[in-house]
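Please read them with the model open beside you.

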Amino acid sequence: MTRVRLEDIERFWRDQNPRRRALRERIDARRLPYAVAVENLSKDRNLGNLMRTANAFLCGEILLIGGAAFDESGSGGIYRFERLRHLADGETFLAYAREAGYTVIAVEIDPRAELLHRFVYPPKPLFLFGSELQGLSPALAERADSRLMIPQYGLIPCLNVTISCSIVLYDHVTRAHADLAPAPVKASKYQLDPRSGRA
Ligand SMILES: C[S@@+](CC[C@H](N)C(=O)[O-])C[C@H]1O[C@@H](n2cnc3c(N)ncnc32)[C@H](O)[C@@H]1O
């Protein structure tokens, strides 16, 4: 397990060569106008994998509500390329989300929530997820602009948070950005950067 602090990432980029910085800028230029926020997820091992999904679907930024240091296992190192922002608590998060013009969507199991496949995405959505152990805090969920949930049909009461995020981002990007061409594929891998073929 590797605990990472946001300052570690800043330090990493200070030492990087221009080619690597240019690669990051090219990815940033293609990012889509939506965000993912996770409440208190920094304490569990899901965040690394979630960042990998966020990168695959060109998420604009990832907001960490609560803890700022996280376990990067599962990210394949891609967490360094993500746009991460730490917000100390729910109030700070909501103030930032309003200021940035996001529509906050609580992704949670809730009888009032719209089912994912029927959900109509606003122009600048922010998908808010809860932690694996506690879920989304009711105080924050109540203040979201809308709610969506992934339909489930089996016995298990809920999905893993990273799996949930992956399903939502896939649905959002393929429906709301249907004309976006996927990255080119070579030797059974997507090429993150078509110019260099490498991350
Ligand atoms: C494992 S769940 C948390 C469950 C929590 N222990 C509880 O019992 O309330 C982690 C997070 O994944 C997301 N999630 C899981 N299943 C979901 C579903 N079917 N629809 C929407 N979000 C879901 C939610 O954001 C949730 O807070």
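1. Helices and strands are named here from DSSP runs, a helix having at least four residues and a strand at least two, and they are numbered from the N terminus. Please keep in mind throughout that this is a predicted model.

2. Not counting residues up to four places away in sequence, R31 touches L58, C59 and G60, whereas P111, which is 80 residues apart from R31 in sequence, is 32 Å apart from it in space, C-alpha to C-alpha.

3. The axes of helix α3 (residues 47-56) and helix α6 (residues 161-176) come within 9 Å and cross at roughly 5°, so α3 is roughly parallel to α6. On the α3 side the contact is made by N49, L50, T53 and A54, and on the α6 side by T162, C165, S166 and L169; by class it has 4 nonpolar, 4 polar and no charged residues.

4. The largest nonpolar core has 41 residues, and those with the most contacts inside it are V36, A37, V38, I105, L126 and L128. Leaving aside neighbours within four places in sequence, A37 is in contact with L63, I65, F93, L126 and L128.

5. Around the ligand there are 17 residues, of which G130, G135, M149, L159 and S164 come nearest. The residues of this shell divide into 10 nonpolar, 5 polar and 2 charged.

Methods: Residues are numbered from 1 along each chain as its sequence is written. This is a predicted model: local features need pLDDT of at least 70, side-chain atom pairs count only at pLDDT 80 or more; totals for chains, interfaces and linings use all residues. A residue is near a molecule or strand if its C-beta atom, placed from the backbone, lies within 6 Å of it. Ala, Val, Leu, Ile, Met, Phe, Trp, Tyr, Cys and Pro count as nonpolar, Asp, Glu, Lys and Arg as charged, and the others, Gly among them, as polar. A nonpolar core is a set of buried Ala, Val, Leu, Ile, Met, Phe, Trp, Tyr and Cys residues joined through C-beta atoms within 7 Å. A residue is buried if 20 or more other C-beta atoms lie within 10 Å of its own, exposed if 12 or fewer, and partly exposed in between; C-beta atoms are placed from the backbone. Two residues are in contact if their C-beta atoms, placed from the backbone, lie within 7 Å. Axes are lines fitted to C-alpha atoms, for helices over the stretch in contact, and angles run from 0 to 180 degrees between N-to-C directions. Angles under 35 degrees count as roughly parallel, over 145 as roughly antiparallel, 65 to 115 as roughly perpendicular and the rest as oblique.
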